[in-house]
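Dear colleague,

I am handing over the structure we spoke about, with the sequence and coordinates placed directly below this paragraph. After them you will find my notes on what turned up, grouped by topic.

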Amino acid sequence: VGMLGAAIAGLGLAVAIKTIKHAGIELAILGDRLAKQARMVGVTAEQYQGFEFAAKRSGTSITAVANGLKKLGRVMVDSRNGSRQMTETFAALGIELIKEDGTLRDVNDVFLDFAERSREMGASAERTGVTMLLLGRSGTELTNMMSQGSKGITDMKDVLEELGAVMSEDFLRSSEELVDVQADLEHAFRGVKIGAGEELIPALS
């Protein structure tokens, strides 16, 4: 009985370790995705995590948010480069694009400003039109997330922090490093198989 109990305990420990390891790898993969996608749309990883949570709570997707942010970034650049339509649109909304040092404001901040203007406009054809102009086709999917204005979005970010569910910069950096190492190992193993195949396959044909 003693040996059996020890064996069962050992098996349980092995299963627990495997489960924890698997959960850790899954979390690292998530962290890697969040860090890389945040850079793609021009916001910090912390801001991106807040947007992802706000999107889930409002019934939309982070894909729609990411597409909207990328579109917003492009039209901000267009305005800076002289697009009359975009310049007049932002001016009509009362949204400043340029900081005191002459550089563009952060996409995150401009998006929050627009969310506030969207709340003020309410449901209307005007809001739909300007939303699609600045955020693209994904814009209409974001109207519910923006319905409470900038405060509604920042409140969701605060809730995420209270839940302890925000990954730190150090954690995200470690996640990217782990996933990169796994990718290196995967392709190194592929290289071994290719080398073996180059010798074996001709002999089998």
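**Salt bridges**

The side chains of Arg-33 and Glu-52 come together in a salt bridge, with an N to O distance of 3.1 Å. Because Arg-33 belongs to helix H1 (residues 2-41) and Glu-52 to helix H2 (residues 45-58), this pair ties together parts that are 19 residues apart in sequence. Arg-33 is partly exposed, at a relative accessible area of 29%, whereas Glu-52, at 13% relative accessibility, falls below the 20% limit and therefore counts as buried. Please keep in mind throughout that this is a predicted model.

The search of the whole structure finds ten salt bridges, and a few others deserve a description here. One of them joins the side chains of Asp-113 and Arg-105 at 2.7 Å, N to O, and in that pair Asp-113 is partly exposed, with a relative accessible area of 23%. Another is formed by the side chains of Lys-151 and Asp-155, with 2.8 Å from N to O. Both of these residues lie in helix H7 (residues 149-162), where Lys-151 and Asp-155 are four residues apart, about one turn of the helix. Lys-151 is exposed, with a relative accessible area of 55%, while Asp-155, at 28% relative accessibility, counts as partly exposed. There is also a network, in which salt bridges that share partners join Asp-32, Lys-36, Arg-39, Glu-176 and Asp-180.

**Overall make-up and the nonpolar core**

The secondary structure of the chain consists of eight helices and zero strands, and the pattern read along the sequence is accordingly α-α-α-α-α-α-α-α. The chain has 205 residues, of which 34% count as buried.

Which residues have the most contacts inside the largest nonpolar core? They are Phe-51, Leu-72, Phe-90, Phe-111 and Leu-134, within a core of 42 residues. The elements that give two or more residues to this core are H1, H2, helix H3 (62-80), helix H4 (84-93), helix H5 (107-121), helix H6 (125-135) and H7. Among these contributors, H3 gives the most, with eight residues.

Glu-46, Asp-158, Glu-161, Glu-162 and Glu-169 form a negative surface patch. Helix H7 supplies the largest share of this patch, namely three residues. Asp-158, one of the patch residues, lies in helix H7 and is partly exposed, with a relative accessible area of 38%.

**Pairs separated along the chain**

Ser-61 sits in the loop between H2 and H3 and is partly exposed, with a relative accessible area of 30%. Between the C-alpha atoms of Ser-61 and Glu-141 the separation is 8.3 Å, and along the chain these residues are 80 residues apart.

Gly-129 is found in helix H6, where a relative accessibility of 40% makes Gly-129 partly exposed. The C-alpha atoms of Gly-129 and Gly-139, which are ten residues apart along the chain, are separated by 9.4 Å.

Is Phe-114 buried or exposed? With a relative accessible area of 1%, Phe-114 is buried, and its place is in helix H5. The C-alpha atoms of Phe-114 and Val-130, 16 residues apart along the chain, are separated by 9.9 Å.

With best regards

Note on methods
Residues numbered from 1 in each chain as written. Predicted model: local features only at pLDDT ≥ 70, side-chain atom pairs only at ≥ 80, totals over all residues. Heavy atoms only, no water. Salt bridge = Lys/Arg side-chain N within 4 Å of Asp/Glu carboxyl O. Buried < 20%, exposed > 50% of the residue type's maximum accessible area, 1.4 Å probe, protein only. Patch = residues over 30% accessible without salt bridge, like charges linked within 9 Å, V, L, I, M, F, W, Y side chains within 5 Å. Areas by Shrake-Rupley, 256 points an atom, 1.4 Å probe, with all protein chains shown as cover. Lys, Arg positive; Asp, Glu negative; His and termini not counted. Charge placed at Lys NZ, Arg CZ, Asp CG, Glu CD. Core = buried A, V, L, I, M, F, W, Y, C linked by side-chain atoms within 4.5 Å.
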